[in-house]
Amino acid sequence: MSDWLWWRDGVLYQIYPRSFMDSNGDGIGDLEGIRSRLDHLVWLGVDGLWLSPCFPSPMADFGYDVSDYCDIDPRFGTLADFDRLVADAHARGIRIILDWVPNHSSDQHAWFRESRLDRTNAHRDWYVWRPPGPDGALPNNWQSIFGGPAWEWDPASGEYYLHSFLKQQPELNWRSPGLVRAMHDVLRFWLDRGVDGFRIDVVHRIQKDPELRDNPLIEGRGDGYRGQRHIHDENHPDVHATLREIRRVLDEYPERMTVGEVSLMDPAEVGKYYGQDDELQLAFNFSLMRAEWSADSLAREVERFEAAVPESGWPDIVLSNHDISRHASRYGAARTRVAALLLLTLRGTPFLYYGEEIGMADVSIPPDRLQDPLAWTLHPKLSRDPERTPMQWEPAPGGGFTTATPWLPLADDAPSRNVAAQRGDPGSLLCFYRDLIQLRKRTPALHRGSYRRLPAPDGVLAYERSAPGSLARVALNLTDEAREPDLGAGRVRESLGTSFGRSVDRAGRLRLDPNEGLVLCLDPI
Ligand code: GLC
Ligand code: CA
């Protein structure tokens with residue numbers, strides 16, 4: 001494993017810092033809390049942590065509105081706490097990925113406060129300002145993803161500014177050389193502190209049509225965001241040159257990486273963000289989370305993404321994150337094991353979302369405790385709070401997360417579903433995740449091998465992973481009835497399945513119960 005590369009061959013884990021571990025009893029997770037729980041992550045076997053934003057922020061969008069790119073919000077700790085976290089993580093072989101938000105800052109960022117002072121300010125063009133049209137009309141028809149027009153009137157300077165999200169999140173202007181230099185320096189600031197990579201927030205929007213032309217409308221879809229074809233406000237071809245420059249900054253340091261949130265529906269467009277190994281190292285593959293839970297639809301999405309990622313690139317697999325209902329809720333509790341098997345045996349870097357390893361599900365939040373701004377701007381039902389509740393550590397008050405009232409309520413099942421309870425039970429979901437991660441690590445076919453779908457009965461997803469000297473076959477019964485796939489010839493060296501204790505010594509025809517899956521590591525042919 002001499003050419004082992006952490007972000008390609010390893011397993012990555014997303015932490016939502018507000019919800020992982022509170023060290024100082026204010027009900028909000030923090031960096032010291034994360035540091036105190038590194039032991040769990042080492043035991044689980046993850047290779048890198050992506051921390052959702054922990055920079056100073058007025059928290060209009062819980063940290064995705066950054067008011068200083070080069071510091072830590074006091075709610076999460078200090079720069080010294082951050083340095084300690086990086087040092088302790090590195091000492092345990094765990095890398096740290098920060099969440100860089102280049103599309104917009106907070107309206108409280110010093111850059112924006114200067115920019116809005118007057119039209120001739122040196123920071124004016126770091127944001128996207130436009131004069132009103134006749135009779136004060138908006139500059140164009142663009143809409144905010146979080147509701148309403150994408151333009152906010154600034155009476156003091158007499159122009160509108162652009163925002164794709166909240167009006168507290170003004171859009172940065174990546175056509176301004178000064179802004180580009182400043183943001184490159186932000187990357188260097190963290191790289192110099194030993195950060196290993198960045199998740200790049202909404203990277204597909206950082207370049208827009210320079211003429212800011214109207215988006216065409218879609219008949220019958222209303223006059224909001226969903227009623228437009230987004231051909232001018234996102235995915236402008238100039239984004240690729242911008243990314244090549246960002247990549248050159250990363251390449252000033254060894255083994256650093258970026259993973260981009262490219263929220264576009266067409267995998268072929270997402271694949272372009274890899275460039276010729278000179279843009280992103282990974283672009284999130286959101287297609288599995290959007291797909292129907294069936295063998296054919298999952299296989300179709302796997303193959304479409306495989307086809308989209310260039311030869312020099314590497315795919316990734318994501319089932320949950322902080323913006324979407326947890327998959328234990330979307331697919332149902334009965335499917336969490338087979339989903340784990342899928343996530344950890346497909347070709348591509350797996351991203352776990354904190355808590356999925358113990359089967360955490362969405363928590364319904366009483367109206368008076370809703371936090372996510374989406375609940376206010378769009379609809380309470382669209383709130384992302386249910387998937388952001390505190391990590392369930394122990395059967396204690398506060399779930400072992402906090403000694404205070406947590407910022408979002410803990411799940412009702414926290415006293416029984418928690419890390420402590422599952423660590424002591426070799427048949428638990430948590431131990432299954434750990435066993436799978438270890439198996440993936442010691443099996444080159446699983447972490448580096450090729451992917452080929454195998455013929456299987458209706459509703460069973462079966463595939464082969466193969467690398468020089470290493471072979472694995474996987475069968476996942478995604479139906480609610482028993483199935484009998486045939487996994488071909490071969491002597492089994494190791495097997496791991498969703499049914500605890502089941503072991504298999506020959507491939508061939510196997511009976512799988514509903515939602516049962518197996519991975520077999522075979523003698524190479
Ligand atoms: C990304 C983040 C999301 C945030 C939005 C605006 O989509 O994942 O949480 O609200 O960007 O920054
Ligand atoms: Ca705290």
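A polar side-chain atom of Glu261 lies 2.8 Å from an oxygen atom of ligand 1, and a polar side-chain atom of His322 likewise lies 2.8 Å from an oxygen atom of this ligand. Taken alone, ligand 1 exposes 310 Å², of which the protein buries 96% (Shrake-Rupley method, 1.4 Å probe). This is a predicted model, in which local features need pLDDT of at least 70 and side-chain atom pairs count only at pLDDT 80 or more, while totals for chains, interfaces and linings use all residues. Residues are numbered from 1 along each chain as its sequence is written, chains are lettered from A and ligands numbered from 1 in the order in which they are written, and side-chain values use heavy atoms, with hydrogens and water left out.

**Ligand 1**

- A polar side-chain atom of His104 also lies 2.8 Å from an oxygen atom of ligand 1.
- There are 14 residues around ligand 1, and Asp61, Asp201, Glu261, His322 and Asp323 come nearest (a residue is near if one of its heavy atoms lies within 4 Å).
- The shell comprises seven charged, four nonpolar and three polar residues; Asp, Glu, Lys and Arg count as charged, Ala, Val, Leu, Ile, Met, Phe, Trp, Tyr, Cys and Pro as nonpolar, and the others, Gly among them, as polar.

- Arg199 belongs to strand S7 (residues 197-200); strands are DSSP runs (E, at least two residues), numbered from the N terminus.
- Arg199 counts as buried because its relative accessibility is 1% (buried means under 20% relative accessible area, exposed over 50%, partly exposed in between; 1.4 Å probe, protein chains only).
- The side chain of Arg199 makes a polar contact with that of Asp201 at 2.7 Å (a pair of N or O atoms within 3.5 Å; within protein, one must be able to donate a hydrogen and the other to accept it, and residues adjacent in sequence count only if both atoms are side-chain atoms).

**Calcium ion (ligand 2)**

- The calcium ion is coordinated at 2.3 to 2.4 Å by Asp22 (OD), Asn24 (OD1), Asp26 (OD), Ile28 (O) and Asp30 (OD).
- Donors are N, O and S atoms within 2.8 Å of the metal (3.2 Å for Na, K and Ca); water is not among the atoms, so sites may look incomplete.
- The donor residues follow the sequence spacing D-x1-N-x1-D-x1-I-x1-D.
- Asn24 is exposed, at 52% relative accessibility, whereas Asp26 is partly exposed, at 34%.

**Strand S1**

- In strand S1 (residues 12-15), Leu12 and Gln14 on one side and Tyr13 and Ile15 on the other are all buried, leaving both faces covered.
- S1 runs parallel to strand S2 (residues 48-51), with four bridges joining them; Leu12 has Gly48 as its bridge partner in S2.
- S1 also pairs in the parallel sense with strand S11 (residues 349-353) over three bridges (strands pair if DSSP finds at least two bridges between them).
- Tyr353 is the bridge partner of Gln14 in S11.
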